[in-house]
Amino acid sequence: MYITDLQPGMNRVIIDLEIVDKGPIREFNKFGKPGKVCEAKVKDKTGEYTLVLWNDECDAIKDGDKIMIINGYTKRYQGEPQLNIGQYGKYEILE
């Protein structure tokens with residue numbers, strides 16, 4: 001699958017991407033639990049997209065990393081399409 005194939009509302013997304021620009025990490029509290037979130041611009045040979053990283057993903061994934069997302073999902077947030085790894089997804093950092 002490639003970025004040009006992504007549409008909001010997709011599930012079970014498997015895609016290889018390169019992290020182009022990881023934005024600042026924001027910390028938050030939700031229902032008394034702390035968390036972290038950041039957005040990263042990612043690319044493949046067909047284009048760019050926004051990947052949302054949560055908690056440990058924010059620290060583990062760096063600019064320049066090539067990653068595979070397995071079982072991710074897409075959605076639209078504030079009018080913009082986003083890719084999420086999600087609770088049931090995972091990622092692998094590729095060599």
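Lys36 and Asp59 meet through their side chains in a salt bridge, 2.5 Å from N to O. A salt bridge here is a side-chain nitrogen of Lys or Arg within 4 Å of a carboxyl oxygen of Asp or Glu. Lys36 lies in strand E3 (residues 33–44) and Asp59 in helix H1 (residues 56–60), so the pair ties together parts that are 23 residues apart in sequence. The model is predicted: local features need pLDDT of at least 70, side-chain atom pairs count only at pLDDT 80 or more, and totals for chains, interfaces and linings use all residues. Residues are numbered from 1 along each chain as its sequence is written, and side-chain values use heavy atoms, with hydrogens and water left out.

**Salt bridges**

- The search of the whole structure finds two salt bridges.
- Lys36 has 23% relative accessibility and counts as partly exposed.
- Asp59 is also partly exposed, at 35%. Buried means under 20% relative accessible area, exposed means over 50%, and partly exposed lies in between (1.4 Å probe, protein chains only).
- Glu18 and Lys66 form a salt bridge too, at 3.7 Å from N to O. This pair links distant parts of the chain: Glu18 sits in strand E1 (residues 13–22) and Lys66 in strand E5 (residues 66–77), 48 residues apart.
- Glu18 is partly exposed, with a relative accessible area of 24%. Lys66 is partly exposed as well, at 42%.
- The helix and strand labels follow DSSP runs, numbered from the N terminus: helices (H or I) have at least four residues, strands (E) at least two.

**Strand pairing**

- Strands E5 and E6 run antiparallel and are joined by five bridges. Two strands pair if DSSP finds at least two bridges between them.
- Lys75 has Gln82 in E6 as its bridge partner.
- E5 and E6 form a hairpin with two residues between them. In the turn, Gln78 has a positive phi of about 50°.
- E4 pairs with strand E6 (residues 80–84) in the parallel sense, over two bridges.
- Val52 has Asn84 in E6 as its bridge partner.

**Positive phi angles**

- Most residues other than glycine have a negative phi.
- Asn55 is not a glycine, yet its phi is positive, near 50°. Asn55 is in the loop between strand E4 (47–54) and H1.
- Asn55 counts as partly exposed, at 35% relative accessibility.
- Asn71 is not a glycine either, and has a positive phi of about 70°. Asn71 lies in strand E5.
- Asn71 is partly exposed, with a relative accessible area of 29%.

**Aromatic pair**

- The count comes to one aromatic pair. Phe28 and Trp54 form this pair, which is edge-to-face, with 6.1 Å centre to centre and 90° between the planes.
- Rings of Phe, Tyr and Trp (its six-membered ring) pair if their centres lie within 6.5 Å; planes under 30 degrees apart count as stacked, over 60 as edge-to-face and the rest as tilted.
- Phe28 lies in strand E2 (residues 26–30) and Trp54 in strand E4, so the pair ties together parts that are 26 residues apart in sequence.
- Phe28 is partly exposed, at 30% relative accessible area. Trp54 is partly exposed, at 36%.

**Cysteines**

- The structure holds zero disulfides. Cys38 is in no disulfide, and the nearest cysteine sulfur, that of Cys58, is 3.6 Å away.
- That distance is too far for a bond between Cys58 and Cys38. A disulfide is a pair of cysteine sulfur atoms within 2.5 Å.
- Cys38 is buried, with a relative accessible area of 0%. Cys58 also counts as buried, at 0%.

**Nonpolar core**

- The largest nonpolar core has 18 residues. Those with the most contacts inside it are Ile15, Leu17, Leu51, Leu53, Ile69 and Leu83.
- A nonpolar core is a set of buried Ala, Val, Leu, Ile, Met, Phe, Trp, Tyr and Cys residues joined through side-chain atoms within 4.5 Å.
- E1, E3, E4 and E5 each supply at least two residues of this core. E1 gives the most, with four residues.
- Leu53 is in contact (heavy atoms within 4.5 Å) with residues including Lys36, Cys38, Cys58 and Ile85, leaving aside its neighbours within four places in sequence.
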